[in-house]
Amino acid sequence: MVGNIVLNIQNVDKTFGGLQALSNVNMQIEEGKIHAIIGPNGAGKSTLLNVCIGRLEPTSGTVRFDGEIITGKAPYEINQAGVVRVFQTPEIFPELTILENVMIPALAKRDGAFSFNPFKSMSDETDIFKEAELVLEDMGLIDQMYDHSGSMSRGDKRRLELAMGLVQRPRLLLLDEPTAGMSRADTNATIETLIRIKERGMTKVIIEHDMHVVFSLADKISVLAQGAIIAEGAPDEIRGNPKVQEAYLGGAH
Amino acid sequence: MSKKVSQPNGWTRRSVLKTGLGTAAMAGAPMFFVRNAHAFTNDPSSGSTVTLGFNVPQTGAYADEGADELRAYQLAVKHLNGEGDGGMMNTMQPSSLKGNGILGKKVEYVTGDTQTKSDAARASAKRMIEKDGAIMITGGSSSGVAVAVQSLCQEAGVIFMAGLTHSNDTTGKDRRKYGFRHFFNTEMSGAALGPVLESSFGNDRTAYHLTADYTWGWSQEGSIKKYTEALGWKTNAAVRTPLGAGDFSQYITPVLNSGADVLVLNHYGKDMVNSLTQAVQFGLRDKQVNGKDFQIVVPLFSRLMAQGAGENIKGIYGSTNWNWSLTDEGSQAFVKSFGAEYGFPPSQAAHTCYVQTLLYANAIEAAGTFNPCGVIEVLEGFKFDGMGNGATEYRAEDHQCFKDVLVVQGNESPSSQFDLLKIVEVTPRAKVEYSPTMEGYAGDLGECVA
Amino acid sequence: MDAIFLQTLNGLDKGGAYALIALGLTLVFGTLGVVNFAHGALFMLGAFCAVTFQKILTLSKKVKDESITFFDAYKEIPYLEIWFGDTGAAIIDWAVPLSILMAIPVMLLIGLIMERGLIQYFYKRTHAEQILVTFGLAIVIQEIIKSFFGANPIPTPAPDVIAGSANIGSWIGLSDSLVYPYWRMIYLLFALAVIGAVFAFLQFTTFGMVVRAGMADRETVALLGINVERRFTIVFGIAAIVAGLAGVMYTPILPPDYHIGMDFLVLSFVVVVVGGMGSLPGAVAAGFLLGILQSFASMNEVKSIFPGIDQIIIYLVAVVILLVRPRGLLGRKGVMED
Amino acid sequence: MNFFKLSPRDALLMVVFAAVVLLAPIWMKPFGAAYPDLLQKFAIFGLFAIGFNILFGLTGYLSFGHAAFLGIGSYTTVWTFKLLSMNPIPAVIFGTLVAGLFAVLIGFVSLRRTGIYFSILTLAFAQMCYNLAYSVLTPITNGETGLRVLRDDPMLLDKALGVVQEGSPIGSFFGINMRGYPAFYFCAVILIIGFFISLRIFRSPFGLKLRAIKSNQNRMRYTGFNTRPYLLWAFVISGMYAGMAGSMLAVTDPLAGAERMQWTASGEVVLMTILGGVGTLIGPMLGAVLIKYFENIFSAFNESALHDMFSFLPSWLETVMVTVVHPFVGEGWHLTLGSLFMVIVIFLPGGLVEGATRLFKRRKSDGVTNKNSGSEN
């Protein structure tokens, strides 16, 4: 039983100079599911995400979101369409407070790509404030929300990064190793959060190294090695797949 | 700041406050006088001193010239207050000066930096008028600044005695009732240079002009063209160069092939030092064109600029308003006084500024009032002598001084470090006079209101 | 034809000067990441090295001019001439080229003092603050020079034998009016030599290799246990020497005054940016490009078609190039883009 | 309190600011700065810097060509005087709008690049404006001499309404001549309005987005924002501030000169902003006041004035003091300015406002969490 396809990656190739980063990748992401992409270092996972959010243009192939081609569109258009990425190395606004960091994406969701409202006051934006507060509460950042984000710990920055993605309530959330660099406790907290928000009907694609995370979250797993998909299926199918084991043991150094 | 007795009253003469808005806003602000029939800006009658405003370039390219102007002003103030040897006060004819200040009031002064920019110069002049209570503004070393400050002084009802400004416009189409210029202008330079160029270089010459691309440059180019073409010279080209170009080589190379045999550099200050140095470097003066020696002419000279150009100035013709080597009684008295005070001779800018200050003070004494309208009346058509340029007249129609003009040549073998310019000819006043309504020169003085 | 030839030569000459003046600036950008608004002041200090050297050589016995009684007027005879006769006069004549010997150690010292005493504390500060502090420094240096030497330009002629111009036309069998000043040709050669030396130094020495690696990725090089800081200090010293030499050699072309550095500041920034931030070859290419275009834009034939084009050509070219090539001619991504 | 939709703290700031500006003629007196022209300059350049800060302080884009808009504002204003009316209202409106128009064009092109490449593009445009205005555009700008209003100019609107002025033409606000203190108050009111607008922009979502662009423009794109129009708006707004400041220069003194557009003038507003504190609300204003104060007051001290000033000291000490101080004032005022730049940036990182905030914080440190980002003061 296949649900509604949200993201449809079709025959995507990407070469850098002579290097084949992605070769003929096909992937369908179902609505409301958590889809994990795993694979050894340099398998092309991040490249694939970058193609999906418009940071890179594929050499050939298309990516469709809700049936519409999004390859070649500007990153902000893709975001506005409902595809949001959570970055691996935190890409936050270090000069702003934690609260402001979360209000910015909330404003993007409400105002669209551009709106000129120099005479509105931020202190009147109670809706935005409440949304941000809610997400920060979820992420356990509420106590420090008036602090500068630049001086946070790396783990906190990762959680802030996640909060920034969640506050936009995207149709599709792309998570690039959401728990990398986190302590065990933080990782567990993050997994719990992700499970908790699973019910909200947000589709997610997760790139993850931590198999514990993958197997406790994912509905479906795709395995990428050397730019190609070598296996796809439910967690249990992947666990025992010899090809995957080979890729992990033989492909990675 | 100098101690001031009279309260500065701002630009009050013609300002009439009609609405309550202004009055309300004025609460607590310095008293705002309403015009009355006899008041004029910064009337010093009630105090014991009178303040003059010396507005000279203290930073930028003309800072040395400005410093020299300031020295001359300080000397003039000394002399007016009866200190020192009196300088040209002893030679000025006729003179009403008494050596006890002006109308018995001690002369004080304030200074400011024009930066050789119109905006800065006007801001500085306004400060002197609004804050320091200056009754007269003088100084400057470029025409743009002179014209800008002159029109400001007209609005403020304060007399402006121009310093170094050579453009025709200052007393031409931008002339003002409150503005007076002692310095000569491009028209006079042309008229004086013409005959000398003719006798030195003949009638069959082709000139190539390099002209600073702004008002003064055009004014000078026009005047020199007019007088050289009258001699039968041809003008090969007149090329405009950007102000402060620094390197003029790209404008000099075309001269080499142009077929011209005279290069006229309508540049002043740093531009002139640079373009002359580079033109000489290009070997222009060693060239033979059309069977004649190639020549360079710099219509406006000053000793300070000659210093900057060094060897390159030698043998080059130009004109100047005054030079310290003049031997008349007035010049000698001034050079002596200035030299004793500062240890070196005054520049032409210093001379003009000194003379302007004395002339202004003298006009007040003669008029018996500080009221600018009275002073203007005396200055208009004022004839005097003994100030270094022979018999001189402030023409009433345009407030331009008419006097002898010096044609000079860079000294080939200077006898001292100051002996840079050799006087070739003193062109008599009659030869440089022209009509105040000449085409392109006519202007409107406006009225004196007080 | 002659005119075109001359203008091309003139353009190359200008270009050489522009490249040399901008070289140190782009070096400092590329290595230290510092926006140095005091670069013009370094150029000016170099020029005043020549002035000072000339002043020292011409320390003079003063013979009073007795005909003048109002003030002391002297005819000055330099001691060098009194002591050594014609040899002394010849030394004085060669003051500007000789002053290079003085300029190199002096400028190095100034560069090191500047970097250690001030610039090093601003590596991690914002560009805005770098601008403010170096601009303030430039003004202070300027004012100090002004208080010693006045505001008037000071003549610093080239040696007599090469003060005039060479008849290139007769050398290569073209028209006689094809002349060009010796000194300007020397300047061009000198510029090429200095540029070449800097390139060779960066290309072929270990020191240069480390510096180039540091330009590309400072942190990695530091991780290798190499003291990048100290090398960067020396780079700043080299930049100061290059700027200073550009200034020394320029004095016969442009009699220096205290403001000469400010006059070249904007130009050198434009050259560096058009070439691409931190790119040495870029700065050289941009210098020559702008020099030649400026030369041609000043021709009467061109000016009659586009009035005033010579006034704006440099800026116009800068705009066009930056729109066509986002990081200038040879700029690298990510340098000074934020 | 809901004072123009300001938070209580901002409302207080606004009231204090307005009071300080309006009472400047009184409290500036001990500093020797209480005369109309300098007060006007404070207000005008304060407005210029406040506007510049909306671009530079909020987005981090450093324009080196904002003086062009100042100049364009001035020229447009003088032309409006010449053609229409001596009333400053249409003149200021046209000046601001035309400057805004140029800002759209220049900004549209320049904003295609970032960092120093952007700076040089703006510099190039401004220098082109300056060079052309000084020379070949003289028929429009009157070149070196500067554009002035002449008595025989058409002034169509004034003629139609029968408004006649005696003497040389001067801006006239419904009968109040725009010189002296009335002109200062005119500038002061515009400055206060300008400051209010700037405050509102700082506190608006728009302002927050601009600050986020400064912090991490790339992230903004992936967060769903099209940053280009935001930047263009910021550029145009600050260009209009510059145009308005230029207009007011021409209103208080109807002469527009090209040198107003030179790179040094663009550099001056950059220095003002950095000196006071980039991205702070009142910093640019402070910087503008400080620089203009030095330019006008320090340059005016001459030796005799110094002797007067120190005359209360014993004469030997007086001589010593005069000798020590003299190189820094009068013709040496640049030296003071240069040293001031260095001292402030070395000892007060972030400029006057931020530096002062830090000093203040250090004194009462004890780990009190400040709930405001440092850039909001």
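Biologist: Where does Pro94(B) lie?

Modeller: Pro94(B) is in the loop between H2 and strand S2 (106-113) of chain B. Helices (H or I, at least four residues) and strands (E, at least two) are DSSP runs, numbered from the N terminus. Bear in mind that this is a predicted model, where local features need pLDDT of at least 70, side-chain atom pairs count only at pLDDT 80 or more, and totals for chains, interfaces and linings use all residues. Residues are numbered from 1 along each chain as its sequence is written, while chains are lettered from A and ligands numbered from 1 in the order in which they are written.

Biologist: Ok. And the bond from Gln93(B) to Pro94(B), cis or trans?

Modeller: The peptide bond from Gln93(B) to Pro94(B) is cis, and its omega is near -15°.

Biologist: What's phi doing at Asn42(B)?

Modeller: Asn42(B) has phi near 55°, which is positive although the residue isn't glycine. You'll find Asn42(B) in the loop between helix H1 (20-25) and strand S1 (49-56) of chain B.

Biologist: Buried or exposed, that Asn42(B)?

Modeller: Asn42(B) is buried, with 28 other C-beta atoms within 10 Å. The rule is that 20 or more other C-beta atoms within 10 Å of a residue's own make it buried, 12 or fewer make it exposed, and anything in between is partly exposed, with C-beta atoms placed from the backbone.

Biologist: Switching to chain A. What's the strand order in the open sheet?

Modeller: Six strands run in the order S6-S7-S8-S3-S9-S10 in chain A, with mixed pairing. Strand S6 (83-86) and strand S10 (228-233) stand at the edges of it with a single partner strand each, so one side of each has no neighbour in the sheet. On average, neighbouring strands here are turned by 20° against each other, direction ignored. Strands count as paired if DSSP finds at least two bridges between them, and for angles, axes are lines fitted to C-alpha atoms, for helices over the stretch in contact, with values from 0 to 180 degrees between N-to-C directions.

Biologist: In what sense do S7 and S8 of chain A pair?

Modeller: Strand S7 (residues 172-176) and strand S8 (residues 203-207) of chain A are parallel, over five bridges. Leu175(A) stands opposite Ile206(A) in S8(A).

Biologist: And which partners does S9(A) have?

Modeller: S3(A) runs parallel to S9(A), joined by four bridges, and S10(A) runs antiparallel to S9(A), with five bridges. Look at Ser222(A): it is the bridge partner of Ile37(A), and Ser222(A) is also paired with Glu232(A) in S10(A). The hairpin of S9(A) and S10(A) has two residues between the strands, and Gln226(A) takes a positive phi near 50° there.

Biologist: How many residues of S9(A) are buried?

Modeller: Six of the six, so S9(A) is largely enclosed by the rest of the structure. In a regular strand, side chains alternate between the two faces of the sheet. For S9(A), both faces are covered: Lys220(A), Ser222(A) and Leu224(A) are buried on one side, and Ile221(A), Val223(A) and Ala225(A) on the other.

Biologist: Now the chains. How many residues does the contact take from chain B and from chain C?

Modeller: That contact takes 43 from chain B and 44 from chain C. The largest share of chain B's side is the seven residues from H7(B). By class, chain B's side has 17 nonpolar, 20 polar and six charged residues. Residues are in contact if their C-beta atoms, placed from the backbone, lie within 7 Å. For classes, Ala, Val, Leu, Ile, Met, Phe, Trp, Tyr, Cys and Pro count as nonpolar, Asp, Glu, Lys and Arg as charged, and the others, Gly among them, as polar.

Biologist: Which chains share the most contacts?

Modeller: Chains B and D, out of four pairs of chains in contact. Chain A and chain B don't touch, and their nearest C-alpha atoms are 29 Å apart. Chain A and chain C aren't in contact either, with their closest C-alpha atoms 13 Å apart.

Biologist: Last one: at what angle do H12 and H13 of chain C cross?

Modeller: Helix H12 (residues 260-275) and helix H13 (residues 280-297) of chain C cross at roughly 115°, and their axes come within 7 Å. Val271(C), Val272(C), Val274(C) and Gly275(C) in H12(C) meet residues of H13(C) including Gly282(C) and Leu290(C).

Notes:
Two residues are in contact if their C-beta atoms, placed from the backbone, lie within 7 Å.
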